[in-house]
Amino acid sequence: PIPNPAEFRGGYDLVNAAITVANGPTRVRFFVNNLLDSDAFLDEPASFGVFSGTPLRPRTYGVQLRYSY
């Protein structure tokens with residue numbers, strides 16, 4: 001039998017961070033996803049002996065503005 005590649009992959013760290021500043025009804029949020037830019041691969045169940053998966057999204061960052069009324 002073909003070994004499952006997931007059994008041989010090492011661990012990884014996924015770190016997300018966010019800071020929110022609020023002033024009255026206005027909120028500004030600064031965020032970073034995948035801060036360490038991990039390049040792990042998420043396995044999916046094998047189908048017909050074929051292993052597939054999805055890579056983690058690369059580091060992303062942004063700003064979110066909210067206003068409540």
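How many helices and how many strands does the chain have? The chain has 0 helices and 5 strands, where helices (H or I, at least four residues) and strands (E, at least two) are DSSP runs numbered from the N terminus. This is a predicted model, in which local features need pLDDT of at least 70, side-chain atom pairs count only at pLDDT 80 or more, and totals for chains, interfaces and linings use all residues. Residues are numbered from 1 along each chain as its sequence is written, and side-chain values use heavy atoms, with hydrogens and water left out.

**Whole chain**

Buried residues (under 20% relative accessible area; exposed is over 50%, partly exposed in between; 1.4 Å probe, protein chains only) make up 9% of the 69 residues. The chain exposes about 5900 Å², with 57% of it supplied by carbon and sulfur atoms; accessible areas come from the Shrake-Rupley method with a 1.4 Å probe, and for residues only the protein chains shown count as cover.

**The β1–β2 hairpin**

Select residues 17–23 (β1) and 26–33 (β2): these strands run antiparallel and are joined by 7 bridges. Two strands pair if DSSP finds at least two bridges between them. The hairpin has 2 residues between its strands, and Gly24 in the turn has a positive phi of about 65 degrees. Asn23 stands opposite Thr26 in β2.

Next select Asn34, in the loop between β2 and β3 (41–47). Asn34 is buried, with a relative accessible area of 2%. Leaving aside neighbours within four places in sequence, Asn34 is in contact (heavy atoms within 4.5 Å) with Leu14, Val15, Asn16, Leu56, Arg57, Pro58 and Arg59.

From there go to Leu56, in the loop between β4 (50–55) and β5. Leu56 is buried too, with a relative accessible area of 16%. With neighbours within four places again set aside, the contacts of Leu56 include Tyr12, Leu14, Asn34 and Ser38. Leu56 and Leu14 lie 42 residues apart in sequence, and their C-alpha atoms are 9.1 Å apart.

**A surface patch**

Finally, select Ile19, Val21, Phe30 and Val63, which form a nonpolar patch on the surface with about 390 Å² of accessible area together. Patches are made of residues with over 30% relative accessible area and no salt bridge, joining like charges within 9 Å and nonpolar side chains (Val, Leu, Ile, Met, Phe, Trp, Tyr) within 5 Å; a salt bridge is a side-chain nitrogen of Lys or Arg within 4 Å of a carboxyl oxygen of Asp or Glu. Val63 is in strand β5 (residues 60–67) and is exposed, at 56% relative accessible area.
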